[in-house]
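Hi,

Here is the structure I said I would pass on. Have a look at it first, and my notes follow below.

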Amino acid sequence: MRLALIGDIHLFQTRVHPSRLVGKRLLGHTNLMINRRFRFNHRVLAPLIDRVAALKPDSVLLSGDVTTTSLEDEFHDVATYLQPLSREVPTVIVPGNHDKYTFRSARKNRMGTHMGGLLPASFPHVRPLTKCWRLLCLDSAQPQLLWSRGALGYEQMRDVTAFIETLTKNDALVVLCHYPAKMPAGIPHSWGHSLAEAKPLHEMLRDSPARIVFIHGHVHKPWQWDPANGGKPGNGDNSGLMYLNAGAPCLTSNRYPFGQGFWELDLPDDPWAPLELIHHVPEAADGQHTPGTHSTHSQLDLRWVIHRVL
Ligand SMILES: [Fe+2]
């Protein structure tokens, strides 16, 4: 079972009607214009979608924050980018905090309306992936006036708890949630940027007899780590719980001048067999392109470097 994992895309619109720039969106748009738009290069998105499609995954998972301030046009653009892929491959997305950026966008279920059937109709959502692997989708996003704090809420946490309690050592589970339930040592994090139920959720998953892979985004750094292995990358076959950060495919930096790429995860038929995990990272095909700072939607010519992690 081959999964492709895509993290925080953060598509945006720089031209927004002034009547839309109220409340938190005014803050978000100001941050976009003076900061964020210079760090995201959405020209990598089309070649990334092409690359994912070429791998012929059995399923594509997106960990949320596909938009920046939950505008209709942002959702529409993301859905258009994804369409060549989502038409062919089962594609599932969970909301990030930027996808419920304003109270109005959350109340109107703007993401559900504009992302077609990619967003589950309700949460928690469980579906089979293989005979032994299942997918658990969580909605950890909620609109906030100032912070970026996430929450599952009482009812979702209650239902997740009841579901996790049914799992045995013969079960294997992929959890898809925008916020991580635990961070590796040394990564700074704050109350206002975390998931309210992070500790009980992590402990519940850690103590489950099932094999669990927790896929998240939110923190724009792609990583894989194993809490049972002292916070270091695990070998994928000796631990019940592994965290995988999908990263931000369009965020540029010195380390990732053409974005952080995406992950390919192969799930074994035996739930306790080793996983196969590959990080696909883009580089300029001809070395001529200038990295970073472009948000136009014209396509880049990239080649892909493969890092086999597990
Ligand atoms: Fe986020």
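Helices H2 (residues 45-54) and H3 (residues 72-86) pack with their axes 9 Å apart, at an angle of about 15°. Helices here are DSSP runs of H or I with at least four residues, strands are E runs of at least two, and both are numbered from the N terminus. Axes are lines fitted to C-alpha atoms over the stretch in contact, with angles running from 0 to 180 degrees between N-to-C directions. H2 and H3 are therefore roughly parallel to each other (angles under 35 degrees count as such). On the H2 side the contact is made by Leu45, Ala46, Ile49, Val52 and Ala53, and on the H3 side by Tyr81, Leu82, Pro84 and Leu85; contact means C-beta atoms, placed from the backbone, within 7 Å.

This is a predicted model, in which local features need pLDDT of at least 70, side-chain atom pairs count only at pLDDT 80 or more, and totals for chains, interfaces and linings use all residues. Residues are numbered from 1 along each chain as its sequence is written.

Two loops are worth a look. Histidine 10, between strand E1 (2-6) and helix H1 (24-34), has a positive phi near 55°. Lysine 56, between H2 and strand E2 (59-62), also has a positive phi, of about 50°. Histidine 10 is buried, with 27 other C-beta atoms within 10 Å, whereas lysine 56 is exposed, with 10 (buried means 20 or more such atoms, exposed 12 or fewer, partly exposed in between, with C-beta atoms placed from the backbone).

Finally, a cis peptide bond joins phenylalanine 123 and proline 124, with omega about -5°.

Best wishes

Definitions and conventions: Parallel < 35°, antiparallel > 145°, perpendicular 65-115°, else oblique. Contact = placed C-beta atoms within 7 Å.
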